[in-house]
Amino acid sequence: MELRDFTINSLRQRIKAREIKATDVCHASLERAEKLTDLNAFITLTPDRALKQAAEIDLAADAGRPLPPLAGAVIAIKDNMVIRGVRTTAGSKILFNYKPPYTATVVERLEAAGAVIIGKTNCDEFAMGSSNENSAYGPVKNPWDRERVPGGSSGGSAVAVSTGIALAALGSDTGGSIRQPASLTGVVGFKPTYGRVSRYGLIAFGSSLDQIGPFANSVEDAALVLSIIAGRDPIDSTSSDAPVDDYLGAAKGDVRGLRVGVPRQYYGTGLDEEVRASVESAIKKLEDLGATVVDISLPNTEYAVPVYYLIATAEASSNLARFDGVRYGFRAEEADTLKSMYSRTRDQGFGAEVKRRIMLGTYALSAGYYDAYYGKAQRVRSLIERDFRNAFEMCDVIATPTSPTPAFRLGEKTDDPLEMYLSDIYTITANLAGVPGVSLPCGFTSNGLPIGLQLIGRRFDETTLVRAASNIEQAIDLDTKPPVEGL
Amino acid sequence: MRDKYEVVIGLEIHAQLKTESKIFCSCSTRFGDEPNSNTCPVCLGLPGALPVLNRAVVEMSAHAALALNLTINQESIFSRKNYFYPDLPKGYQISQYDRPFSERGWVEIPTSERNESGHAIEWKMKRFRIHRLHIEEDAGKSLHEGMRESASKSYVDLNRSGVPLAEIVSEPDFRSSWEAYDYVQYLRRALQYTDVCDGNMEEGNLRCDANVSIMPRGAEKFGTKVELKNLNSFRFLQRALEYEIDRQIAAVESGERIIQETRLWNERDSKTYSMRSKEEAHDYRYFPEPDLPPLVVSETMIEHVRQSMPELPEARRRRLIEQYSLSPDDAAQLTDTRTMADFYEATARASANPKSAANWILNELVRELKNTGTDISASPVGAESLGAMIRKIDDQTISGKMAKDALIEMYKSGKSVDEVVSEMGGGQVSDEGAIREMARQVIASNPRQLEQYRSGKSTLLGFFVGQMMKASGGRANPQVVNRVIKEMLEGEGQQN
Ligand SMILES: [Zn+2]
C-alpha cells in the first residue's frame, strides 16, 4: 500500500467501502517510517495510539456508521505540540523526558475528525531554525538529496508528508517554518492567518507570530485539514471568531479576474535564477487561466529580517524562561545553588542557536534598549502591516518565491547565522503582518530539487489562497514524489 | 531630631481579589488546600498553555478602582514582568505596566498621630492621592521550613499561582507612619465594603510594601528612597516605618549617605535588613503580553459597576455621625466593617434608640463576640433581637442591669429577650405597693442597720437597696426602689 496514491478523501471513501482497512494503512505508514529512519523525520512514533485510533475507524466502517472527514488519515504532528502522555521535546534536550498532561487543541480536533496520529516529527529546537540542523535529535535529511537540508523548522513534518509516511502533518510557522520546508521538499505548506488556528498546546516561540498549519501533498488535502483545525478556541485568547469558510469548496473555483500582485522587492539580489524562472512561469500560468498580474510594492520589506529577529527573539526570551529545571524536563546535576542550577540547566539544556536568540531577545528588552530595539521593531512592524493593507487594495493575492534558493547542503550555513536568517526573507513578512500564506511546488531545478511558489492573502481570506493554489497545482501538474525506494 | 526632617512615604498594596477561580484559568482560589492540588497547565505554566482572562477579575477591579476614585482606562494592556524564581512557573508574571487598568485616584480620610499609649491625638481629614491600580497574577509559594529534608530542599506550592491581585500604588503623600497606617486601614475597609478583598494582612490577602525617604524640612527634592518589604500586619507596617525613619535620620545625622536598596522587616529583631541594592535590582524587561488582547472596559460596564457600588466606609461614617448623633469614635468603630455597620443600623432601627444601640453593641456585644471569637455576621444575638431588648429597657419592662444579664443569656442560648426574661422570673417590678411591702419586710429584718442609718450613716442606703434587689431577684425597678426605700427609712423615723 502506498499512501501517496491517496488523498485524504479518496482513502476515506475506500475505508468506508471497506476496500481498505484503516489499520492496514496505519501499519503501512509505520513500516515506511521504519524503513526511512535515516531521514530522521520523527523524534517519537506512537504506534500503539495510532493503531488504536485506526481500529476504531475500522469498527465504525464495519458497523456502517458515518465516517468523520479525516477517517483513517495518517497525520504527523510537529514535536512542539503537546499530546497527553506522549513525549514532547520541541527538538530540545531540555525537554528530553517531558510527557505533557494535556493535549493541544489542534490534535484534539484532528482526532475528533478521525485522524490517526502516527507520531511526533523532528524540528529545529523550539522551532528556531531554517534547516532542521538545530534539533537536539539530529538533522532531518531531504529525501530529494540526503546531503541537503529539508528546511526548517518543521522539516520532519515536511519530510513525513513528502515520503508518504503521513498523508498530512501539522507544522508551526513563526517566520516561514511551514512554507520554507514545504518549498524545499516539494509539498504544500499552509500558514493560516494569525488567530485562525488555536495555539493552545503549541510550545511558544514567538507568540505574536506563531501559527499552526498543515502540510499535505495536495492543496485539497491541506485545505481539508485546515478546515478541521481552524476556528475559535475559547482557551486561546488570540484565536479569532471570524467564520471558517468552506476551504475545500474554494479549491474548485476558477481564477478569472483574480488580481495577482507581484512585489518587486521579492525578486531582487540573492534570488536564485532557476527559482525566479520557475516562479515567474507559475505566475504566467495563472495569467493564462484568466488572472491579471499587477506590479505592487511592499516598501518596508527590507526591514523585515531585523524586525523579525528583534520581536521573535524578545518573545522567545520570555517564553523560554519557564525551562529552568525546577518542575519538569532536564535539570543539571552538579548545581549547588539555585542560581547555578538555573544557569547550568539552561546552558546544558539549550542548543547554541536557542541560546543566541534568548540573549538577543533579552538584550532587545533590556532597560535602556527597549525603545531603540523592541519598541522600534514594533513600530516598523506596523509599517509592514500597512504595506500589505495598501497592496491588497490593488490585488487579491501576492505571488512570490517561498525561498530564495532551493534546498542547501547540510552544514552549508551553520557557521553563518545571518546567512541562515536570510532563508526566511520572503516568508517572515506574512508572520509580521499576520496574513496567511501558502507554499506549493511549482517546478524543479536542473539538478532535480523542488522549488516553491508562495501565495500571500488578505487576513482571514484563506479561500482565495486555496483557489489560486489549486488552479496552479492543476495547471502545472507536477510529479512531486521524491526519489525514495518504494515510491 | 525628627523635626528637622520631613518624611516621605509611598505605599504599594497587593490586594487578593475574592474571585472563585484564578485570573487566567478555572482553578479554585481556595486557601489551605493540599499543596499543588488547585492547579492546571495554565497556572503551572506548562509549555503550550495560554491564559484567558477571568471577567470576574475585571468586575472586582472596577469596584476597587471606583471605591478609590480612580479613572478606569477604556483600554489597558497586560505585560510580562520577567524574572526567575522557583515559585514563578512561567519565568514571568502577567501584570500591567504601560497602560494600567486605572489611574489617578484619591481618598480623603481622617488621620491622626498617636500618643505613647497608642491613642489618637487629633483626627484631621487629609487627602492622599493614588497613582494607579492595576491587575496581575500572584506567584506560588516557596516552602523552606517544616518539610522533609528542608535543610537541603525547598518546596514549591503553586495553589496560589494565578490568584488575582489588584496592585494599588499610592503617590508619595504620607508624611508619617501613622498616616500610612490610617491609609492602609482605610484601604482595607474600602476593599471589604466593595466585597472584593478579605483584607486580612496576617493571612496575606492584603500585602504591603513601602518606599521611605527623608529630606530636610522645607526641601523640595525627595531623599533617596528605600523600599521596605515583609510588612505583614498593620502593626508591623507602622513599626517598620518608624524604625526605618529613625535609621535614615541617624544615618544622615552621622554624615552617611542613604543608598537606594530594598530592606526586609524582621519582626523578631524589630529591625530592617538590607536585601539587595540598586545595582542588584532586577531588570524586569516588561513588554506587552502577546497571549492576551488589550483589556477593553466599556462605559456601560463602568456605569453598571457604579450603580452597584455600596456606600463607602468614610461616607458611611460621616452619615452615621449626622443621622444618629454618634461620636466620631463610635461611628468609626461601627463602620469598621460593612457587616458591623449593617448590624448597627439594623439594631438602631429595631430599637428606635440609635444611641443606646451603639452603646450596647460596642460595650456588651463586642465583648461577647471577642470572647467567643465570633464575627458579628454570625452573632447569636441578631440585630432584631438586640433591638427588641433595648426597647424593653426603654419601656421600663426591664432594667439596664437585668438587660446585661439577659444579653449574656441570649448570647449563650440564642433565645429571645422575652424567653430569657420570663425564665428570669418575669420583667421588672415597678408597682409601688408591692415594692413598699417588700421594703417593710427588708427594714423589719435589719433593725441594726436601720438604727445606724437613722443615726446619720446615710451610706447604708446602698445596703438597703441591695437587700431590696436581692429580695426581688433583681427584678425590682431600681428607681422606684431608691425613692421608696429612702422615703420609708426617713419617713418612719419621723413617725417615731
Ligand atoms: Zn489553573
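Predicted model: local features only at pLDDT ≥ 70, side-chain atom pairs only at ≥ 80, totals over all residues.
Colleague: What makes β2 and β14 of chain B edge strands?

Modeller: They belong to an open sheet of nine strands in chain B, with mixed pairing and the order β2-β6-β7-β10-β1-β11-β12-β13-β14. Within it, β2 (71-72) and β14 (271-277) each pair on one side only, and that makes them the edge strands.

Colleague: How do you know that β12 and β13 of chain B pair?

Modeller: A pair needs at least two bridges. Strand β12 (residues 226-231) and strand β13 (residues 261-266) of chain B have four bridges, in the parallel sense, so they count as paired. One of the bridges joins B:V226 to B:E261 in β13(B).

Colleague: Which strands does helix α1 of chain B lie across?

Modeller: Helix α1 (residues 55-67) lies across β1 (5-16), β2, β6 (102-111), β7 (124-137) and β10 (164-170) of chain B. The helix runs at about 165° to β7(B).

Colleague: Why is B:Q96 called buried?

Modeller: The cut-off for buried is 20 or more other C-beta atoms within 10 Å. B:Q96 has 24 C-beta neighbours inside 10 Å, so it counts as buried. This residue is found in strand β5 (residues 92-96) of chain B.

Colleague: Which residues does B:Q96 touch, leaving out those up to four places away in sequence?

Modeller: Among them are B:S76, B:F78, B:F101, B:H134 and B:E136.

Notes: Residues numbered from 1 in each chain as written. Chains lettered and ligands numbered in written order. Helix = DSSP H or I, 4+ residues; strand = E, 2+ residues; numbered from the N terminus. Contact = placed C-beta atoms within 7 Å. Axes fitted to C-alpha atoms, helices over the stretch in contact; angles between N-to-C directions. Buried ≥ 20, exposed ≤ 12 C-beta atoms within 10 Å, placed from the backbone.
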